[in-house]
Amino acid sequence: MSSTVSNHQGILQQGGYSGHDSRSNITSGSESESINNDEAELVSVCWNQDSSCFAAGTSHGFRIYNCEPFKETFRRELKNGGFKIVEMLFRSNILALVGGGPNSQYPSSKVLIWDDHQSRCISEFAFRSEIRAVKLRRDRIVVVLEHKIYVYNFMDLRLLHQIETQANPRGLCCLSHHSNTSVLACPGLHRGEIRVEHFGLSMVQIINAHDSSIACMTLTLDGLLLATASTKGTLIRIFNTMDGTRLQEVRRGVDRADIYSIALSPNVQWLAVSSDKGTVHIFSLRVRVVGEDSYSTENAALLTQQTYSNSLQGLVSPTTGTNPGVLPKYFSSEWSYAQFHVSEVTQFFAAFGSNNTVAIIGMDGSFYRCSFDPVNGGEMGQLEYFHFLKTDNRPR
């Protein structure tokens, strides 16, 4: 699968992007008042890298929302349709856009790297098949196709890596975002397998995560921990990406489910999972990183397990961390610590906020912010609710 890269400047300069104006009929909301905002359909939602804000792709453009406090901070209306992928680069003016949605005239096989401060496209990546996902970090652009992943250098758009994967219609791929680590996780070549690229160490780790195909995955910001779920959707597993060791397993339920999102808290104490069962589950993690700020071969065994206490402790062997053989297998996995219930008829995606809070965005235009009790767990309390497509908190 070949790709075509077009750089509208020749090289991307840090701190100031400029180049040929290729606005592609993208205009601000004030320039396209003829578009009825109430008629906009939601095409996609996506958290930025630290979950402090999210982007919503609509049938008429895209919008950016801040989470704490909740507010729409920016929008652009498009005359030629919308985008199915709106990938932010933290809170910067740089976005990756891929066309899609009702009547979109922007091709789903082309990535536009958009500098919204300059109101122009600074580069394009064209492919021969549909783009499934785009991931950004400050030094890399990653484009995910169904069977292949391309990794580019952000500064000069040079192709650095091509990675073959199993069929990946969900566009599964995740990146580390610490400056001193460079880790990518994606499906491997076989069912249930995950390939972890430690680019900084020139090392590849293959993890046999599940018997079924991978449905969802996420990395910690430093890339040292990986959480995964399969298409069965009953178990979420946490792995050490350096050596592939399984560190913990938690259970969402016993019935098959479609996992929509997995989130790890920045302090790696909590894990959130959303699914088509209409419940967001919070799990307590008992893994920790020794020497959090270091990333060297001397710390290849960075991840260790902490002692933990829960209602199943009496059933768990203290030496192996597993149950006696007379117990059902599912007793060896830990159940959720806190829960929040949402609609079962739409997709929801969860992320951690400050002070034991969780933000949840839905494909029905819902935004929830709720809190959980870190001591007692149980049902989470709703702090805020907004229908963000119809919010009055528009940027002025």
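Predicted model: local features only at pLDDT ≥ 70, side-chain atom pairs only at ≥ 80, totals over all residues.
Hi everyone. Let me start with a definition: two strands pair if DSSP finds at least two bridges between them. With that in mind, look at strands β20, residues 225-230, and β21, residues 235-240: they run antiparallel and are joined by five bridges.

β20 and β21 belong to an open sheet of five strands, ordered β19-β20-β21-β22-β28, with mixed pairing. The edges are β19 (214-219) and β28 (334-335); each has a single partner strand, so one side of each is left without a neighbour in the sheet.

Is β24 enclosed or open? Six of its six residues are buried, so the strand is largely enclosed by the rest of the structure. Buried here means under 20% relative accessible area. Both faces are covered: on one side we have Trp270, Ala272 and Ser274, on the other Leu271, Val273 and Ser275, all of them buried.

Which strands pair with β24? One is β23, residues 259-264, antiparallel over five bridges, with Ala263 as the bridge partner of Ala272. These two make a hairpin with five residues between them, and Val268 in that turn has a positive phi of about 55°.

Another is β25, residues 279-284, again antiparallel over five bridges. Here Ser274 is bridged to Val280. This hairpin has three residues between its strands, and Gly278 in the turn has a positive phi of about 80°.

Thanks, everyone!

Notes
Residues numbered from 1 in each chain as written. Heavy atoms only, no water. Buried < 20%, exposed > 50% of the residue type's maximum accessible area, 1.4 Å probe, protein only. Helix = DSSP H or I, 4+ residues; strand = E, 2+ residues; numbered from the N terminus.
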